[in-house]
Amino acid sequence: MRAQSSATATPPITVTAPEPREPRLMGSGLAALGVVAFSLTFPATAWGLESFGPWSLTAVRGVLAALVAGGCLLFLRVPLPARRHLPGLAVVGAGTVLGFPLLSTLALRTSTTAHAAVVVGLLPLTTAAMSALRVGVRPSRRFWTAALAGAAAVVVFTITQSGGALTRADAYLFAALLICAAGYTEGGRLARVMPGWQVIGWALVLCLPLSALGAALALGHEPVRLTAHGVAGLLWVALGSQFLGLVLWYRGMAAVGIPRASQLQLAQPLLTLVWSALLLGEHVTAAAPLTALAVLVCIAVTQRS
């Protein structure tokens with residue numbers, strides 16, 4: 001009887017396994033490459049503002065990135081995202097495609113890139129906090145202690161670099177910080193169920209109508225003076241930061257988790273200051289190596305927590 005019941009039993013249902021995650025080391029490496037791409041965003045934005053107004057630069061970068069992403073999706077015949085993922089993709093688009101680029105670009109009209117790097121210094125902590133609220137992640141006390149220490153070190157350093165003065169751009173920077181953390185958190189969650197490049201790709205495509213309309217309106221009202229720096233800055237923020245950087249970033253977050261990946265961004269302000277000195281001629285004090293060491297220690301602690 002046992003053999004007969006076994007022979008006539010209903011075969012198990014085959015379930016397609018989700019895409020396997022990269023090993024932790026590879027995931028951290030992908031997230032780190034994303035951070036390197038992001039670290040060039042503020043200097044490239046400063047270059048882009050030489051040729052475009054803030055609204056034009058934000059809208060055109062969104063259009064260019066969406067065209068590249070849409071072309072990749074069409075070429076690879078990627079199916080449309082499930083309806084249940086559309087709200088999350090809308091949050092990603094609002095945070096990383098529209099909100100953060102526009103607010104940070106408006107801030108950089110009157111703020112140096114060193115001062116704007118304060119936003120990036122606080123972003124890992126804000127992202128980790130939002131992920132705890134959104135996806136139920138509960139990092140350890142040691143994780144939070146190291147994250148707070150690293151964020152404090154970065155904030156002190158970047159404020160010192162900018163002379164300790166708060167500017168009118170701080171309201172833009174604070175709002176950009178919050179909305180970008182929301183986009184990162186939602187993107188990291190979606191990257192667990194679909195490839196990271198499709199997360200940002202679909203977010204860009206969803207925002208294309210708004211980006212195209214904004215570009216048409218802004219280019220008609222803001223002057224355009226094309227320069228080599230301006231065009232190079234536009235191309236980088238559109239293709240390097242807006243698309244490639246986010247592809248790497250979301251892939252890395254899916255592999256190692258949102259809180260751990262977000263702490264790698266503690267190094268981003270220091271990288272931004274290096275690029276600012278090399279590309280924009282901004283002065284960087286001798287405090288940079290000490291701050292870099294403190295940040296790296298904090299990153300090491302969070303990675304082991």
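Gly257, the residue that follows helix α10, has a positive phi, near 100 degrees. Another helix, α4, is followed by Arg77, and there too phi is positive, near 55 degrees. The model is predicted.

**Helix lengths and bends**

- Helix α4 covers residues 54–75. It has 22 residues and reaches 32 Å from its first C-alpha to its last, close to the 32 Å expected at 1.5 Å a residue.
- Helix α9, residues 196–221, has 26 residues. From first C-alpha to last, α9 reaches 36 Å, close to the expected 38 Å.
- At Leu208, α9 bends by about 50 degrees. A proline, Pro209, follows within four residues of that bend.
- Helix α10 covers residues 228–256. A kink of about 35 degrees in α10 is centred on Gly245.

**α4 against α10**

- The axes of α4 and α10 lie 9 Å apart, and the two helices pack at an angle of about 50 degrees. That angle makes α4 oblique to α10.
- The crossing of α4 past α10 is right-handed.
- On the α4 side, the contact is made by Leu57, Val60, Arg61, Leu64, Ala65, Val68, Ala69 and Cys72. On the α10 side, Leu234, Val237, Ala238, Leu239, Ser241, Gln242 and Phe243 take part.
- By residue class, this contact of α4 with α10 divides into 12 nonpolar, two polar and one charged.
- An α-helix has 3.6 residues a turn, so residues three or four places apart point the same way.

**α5 against α9**

- Helix α5 covers residues 86–107, and its axis comes within 8 Å of that of α9. The two axes cross at roughly 70 degrees, so α5 and α9 are roughly perpendicular to each other.
- From α5, the residues Leu86, Leu89, Val92, Gly93, Thr96, Val97 and Leu98 meet α9. Their partners in α9 are Val199, Ile200, Trp202, Ala203, Leu204, Leu206, Cys207, Leu210 and Ser211.
- The residues of the contact of α5 with α9 comprise 13 nonpolar, three polar and no charged.

**α5 against α10**

- Helices α5 and α10 pack at about 135 degrees, and their axes are 13 Å apart. At that angle α5 is oblique to α10.
- α5 passes α10 in a right-handed crossing.
- Val92, Thr96, Val97 and Pro101 of α5 meet Gln242, Leu246 and Tyr250 of α10.
- This contact of α5 with α10 consists of five nonpolar residues, two polar and no charged.
- Val92, Thr96 and Val97 are also among the α5 residues that meet α9, and Gln242 is also among the α10 residues in the contact with α4.

Terms used: Residues numbered from 1 in each chain as written. Predicted model: local features only at pLDDT ≥ 70, side-chain atom pairs only at ≥ 80, totals over all residues. Heavy atoms only, no water. Expected span 1.5 Å × (residues − 1). Bend = angle between axes of the 7 residues up to and from the residue. Axes fitted to C-alpha atoms, helices over the stretch in contact; angles between N-to-C directions. Parallel < 35°, antiparallel > 145°, perpendicular 65-115°, else oblique. Left-handed = near helix turned anticlockwise from the far one by under 90°. Contact = heavy atoms within 4.5 Å. Nonpolar A, V, L, I, M, F, W, Y, C, P; charged D, E, K, R; others polar.
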